[in-house]
Amino acid sequence: MSEGTDLPVGYDRSGGAAQPPSGVTGRVARGNASSPSTRTAPLPGMPSPATPGRTGHGRRPPGDAGSGRSPKPPPSRRRKVTRLTILLVVALVASAAGTYVWADTKLDQEVDLGALPDRPAEGEGTNYLIVGSDSRAGLSEQARKSLRTGSAEGRRTDSMILLHTGANGTTMMSLPRDSWVTVPPYVRPDTGKSFSAEPNKLNAAFSLGGPDLLVRAVERNTGLHIDHYAEIGFAGFVGVVDSVGGVDMCLERAVKDEKSGADLPKGCQTLDGAEALAFVRQRKQEAEGDLGRTRNQQKFLTALAKKAVTPGTLLNPTRSFPTLGAGLDTLVVDKDTGLRDLMSLFQAMQSVSAGNGRQINVPVSDPGFATSKGSAVKWDDRRAQQLFAELRDDRPVTLPSGK
């Protein structure tokens, strides 16, 4: 090192540490806290003047007892389970919400109830018209054969149920498809030809003018304002039943019907889609024919609703998504009916099976009434009008269940 080289503060030219100034006895005098530190970097080969036990920029090594902070304990098993549960619930809710948003945009809202003429005034409560059509849309030729649906084109009604919800619970009232009613004046959609009002079977209104004329016929003959319309075809019905894993039914006797394909033993069992369709369509073994079939349809629908709205189906995307997808293919609703309305409909049907509702048929005076259109079902006008008034005013229904 040259003669003129500057040395670091604290060392003399001989390489040793500088002696403390006169008057200081072996200890550096403490100055003001703001005084600059005299500690500097060491020369090469010299030991570090850093305080023992400190590394880097003054941080203590991990685990140093003098740090004053103990290591963070790992999360307990209970905390892990809680976190996982929260994540699963959030994922399920998000998935279910996404499914419902998707389904709500896929609804076929082809029926415009607001555009129908000569409608009765709105009553108390809410009225749904539920229609099971024999539309073969979505069925392959092989499926038509296996389900024994026939090959007729177009769509007709296999079942019609007016469901009323209100302060006195839910009432499911079946309207036999062969009911002898007055069909309002209409224009054939396919030909544009106009027709005057005339007596005919209720099922004919659907065949002649579709959902619009059917709703008008129901409203004209019952005086009840229809708030929502929901129709499902054969393919959608089978798909919904299969997607929920089948529907549990207890049959009081064996059912065998060659035309519908029903071949079911007596007792409790789970019906798949094909078996369920055959069950709700058969009527040859029913003592009351079409009236007996309507009771079977009500019984099955309440059981299906009970299965479809359980948490195991609603919150399980592997079930809720197929259930909605299966039904949407052939589901037709009105323009004011959304997915929330359909869920309310299913919940109302479920309440019937839980005891908060009634299953009835429109009162009938003659189930084999002879007409120019063949045998029909004639309503008991006095009792029927009393029932319709009770539903319109949302009063307790006095008609015995099942009648």
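Which residue of β9 is the bridge partner of V131? In β9, that partner is E231. The structure is a predicted model, in which local features need pLDDT of at least 70 and side-chain atom pairs count only at pLDDT 80 or more, while totals for chains, interfaces and linings use all residues. Residues are numbered from 1 along each chain as its sequence is written, and side-chain values use heavy atoms, with hydrogens and water left out.

Strands (E, at least two residues) and helices (H or I, at least four) are DSSP runs numbered from the N terminus. Strand β2 (residues 126–133) pairs with β9 in the parallel sense over 5 bridges; two strands pair if DSSP finds at least two bridges between them. Strand β14 (residues 331–334) runs antiparallel to β9 and is joined to it by 3 bridges. Here A230 stands opposite V333 of β14.

A hairpin is formed by β16 and β17, with 2 residues between them. Strands β16 (residues 364–371) and β17 (residues 374–379) pair in the antiparallel sense over 5 bridges. The bridge partner of T371 in β17 is G374.

Helices α5 (residues 273–281) and α6 pack at an angle of about 145°, and their axes are 8 Å apart. The contact involves A276, F279, V280 and R281 of α5, together with R293, N296, Q297 and F300 of α6. Contact means heavy atoms within 4.5 Å. Axes are lines fitted to C-alpha atoms, for helices over the stretch in contact, and angles run from 0 to 180 degrees between N-to-C directions.

The second largest pocket has a volume of about 350 Å³. On a 1 Å grid over the protein atoms alone, a pocket is an open set of points with protein on both sides within 12 Å along at least five of seven lines, and lining residues have an atom within 4 Å of a point. The volume is the space filled by probe spheres set on the points, which are joined across faces, edges and corners. Helix α6 (residues 290–308) gives the most to this lining, with 5 residues. Among the lining residues are F279, N296 and K299.

Residue S353 lies in helix α9 (residues 339–353). S353 is partly exposed, with a relative accessible area of 38%. K299 and S353 are 54 residues apart in sequence and 8.3 Å apart in space, C-alpha to C-alpha. Apart from neighbours within four places in sequence, S353 is in contact with T302 and K306.

Conventions. On a 1 Å grid over the protein atoms alone, a cavity is a set of points where a 1.4 Å probe fits but cannot get out, and a pocket is an open set with protein on both sides within 12 Å along at least five of seven lines; lining residues have an atom within 4 Å of a point. Buried means under 20% relative accessible area, exposed over 50%, partly exposed in between (1.4 Å probe, protein chains only).
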